[in-house]
Amino acid sequence: MHEYSLIQALVERVEAEVAARSASAVHRLSVRIGEDAGVDIELFKTAFHTFRERTVCENADLEVVVVPIEWACQECGRRIEPGRALRCPECLAPARLIGGDEIILDRIEMEVA
Amino acid sequence: MCDSCGCGDHELVPVDLHERILAGNDKTAAHNRSHFRAAGVLAINLMGAPGAGKTAVLEATARALAPARLVALAGDLATDNDAVRLTAAGIAASAITTGSACHLDAQMVHKALHDAPWRTADYLFIENVGNLVCPAIYDLGQAANVVALSVTEGEDKPLKYPVMFRAADLVLITKIDLLPHLPAIGIDRIAANLEKVMPRPHFLPLSATNGQGMEAWRSWLEGRRSAIGELSAAAGLFPVR
């Protein structure tokens, strides 16, 4: 249930940005979450809708872009299928996660008077 | 105000941040980490399911590392039972009671440091809340993440909780003294599952009860401690892409 603490951090960050720019309202937030970031996307959205009340995000939409998990060989860059040992079948080097663990606030769309 | 056509509407401004939602936590964790490095203390974030044997491992570790100076912060939703046990084992331990929070964050650790004698310690063990999900994504400022996985939990736990095991610098396979009673469980099959979620699978089988494997764990800790100052694997776990 750390989704609630993620939303708390998100709203606090947005509040700081709103204050810094003297914005009057927030229309939309865009976040990027990896499918293997340890975040339950539905719970994250529910937490947002619960937590945004009486905050600057009260009327804001939340856009969540889900990033698929992707591993590649750190030496030759060859993609490595999940579900197998995380080693390159060609050069035997360990794999490197190249996507799928993000928890990123990309954009805030706010109304400035 | 819209000043291009004079319609009087408010202006919509897009602000691009591309910033980790946990950036605030990361900042506090970096602060903790710089303190630990400066003081020459090896900070370990010990994670694992409830009942994986985290506290028992630390009790045995206190015996194995004697006379080194150990400090522990024990996180739990309620009670200071673990801190009491660790204190009895000779570790300067204090409890972080999280209330409803299912994980420790860098701020909770920072706050707890004010009352702990970590500056004069050789090792600081942060025993996280028993949970294989939430603690994995919070950097605390540790030099290394260690995950305890007991043989009684079943060999597929790495596949079920990949985020946790991917974050681990080392997995301690605990309670191996129970293996004779668990014919369906094999260390080799746990290892094969770890390879599917950890690109560099490092694990040590041990028993806090009979001491088996404790020597290898002690060597690992001493090796990491002598390498303080080098960038830890854990510190590189949270890149922004």
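# Briefing on a predicted two-chain model

A residue counts as buried if 20 or more other C-beta atoms, placed from the backbone, lie within 10 Å of its own. Strands (E, at least two residues) and helices (H or I, at least four residues) are DSSP runs numbered from the N terminus.

This is a predicted model, in which local features need pLDDT of at least 70 and side-chain atom pairs count only at pLDDT 80 or more, while totals for chains, interfaces and linings use all residues. Residues are numbered from 1 along each chain as its sequence is written, and chains are lettered from A and ligands numbered from 1 in the order in which they are written.

**Strand β3 of chain A and its partners**

- β3(A) runs antiparallel to strand β5 (residues 95–99) of chain A, and four bridges join them; two strands pair if DSSP finds at least two bridges between them.
- A:Ala72 has A:Arg96 as its bridge partner in β5(A).
- Strand β4 (residues 79–80) of chain A also pairs with β3(A), in the antiparallel sense and over two bridges.
- In β4(A), A:Ala72 has A:Arg79 as its bridge partner.
- Five residues lie between the strands in the hairpin of β3(A) and β4(A), where A:Gly77 takes a positive phi near 80°.

**Where the two chains meet**

- Chain A gives 33 residues to the contact and chain B gives 32; two residues are in contact if their C-beta atoms, placed from the backbone, lie within 7 Å.
- On the side of chain B that touches chain A, the elements giving two or more residues are β1 (11–20), α1 (23–39) and α6 (162–166) of chain B.
- With ten residues, β1(B) gives the most to this side.
- This side of chain B has 19 nonpolar, five polar and eight charged residues; Ala, Val, Leu, Ile, Met, Phe, Trp, Tyr, Cys and Pro count as nonpolar, Asp, Glu, Lys and Arg as charged, and the others, Gly among them, as polar.
- Strand β6 (residues 103–112) of chain A pairs with β1(B) in the antiparallel sense over eight bridges, and A:Ile108 stands opposite B:Val15.

**Chain B as a whole**

- Chain B contains eight helices and eight strands.
- Its C-alpha atoms fill a box of roughly 80 × 40 × 35 Å, taken along the principal axes.
- Of the 241 residues in chain B, 47% are buried.

**A buried loop residue in chain B**

- B:Ala208 is placed in the loop between β8 (203–205) and α8 (214–226) of chain B.
- B:Ala208 is buried because 26 other C-beta atoms lie within 10 Å.
- Leaving aside neighbours within four places in sequence, the residues in contact with B:Ala208 are B:Gly53, B:Ala56, B:Val57, B:Glu59, B:Ala60 and B:Thr174.
- B:Ala208 and B:Val13 stand 58 Å apart in space, C-alpha to C-alpha, and 195 residues apart in sequence.

Conventions: A residue is buried if 20 or more other C-beta atoms lie within 10 Å of its own, exposed if 12 or fewer, and partly exposed in between; C-beta atoms are placed from the backbone.
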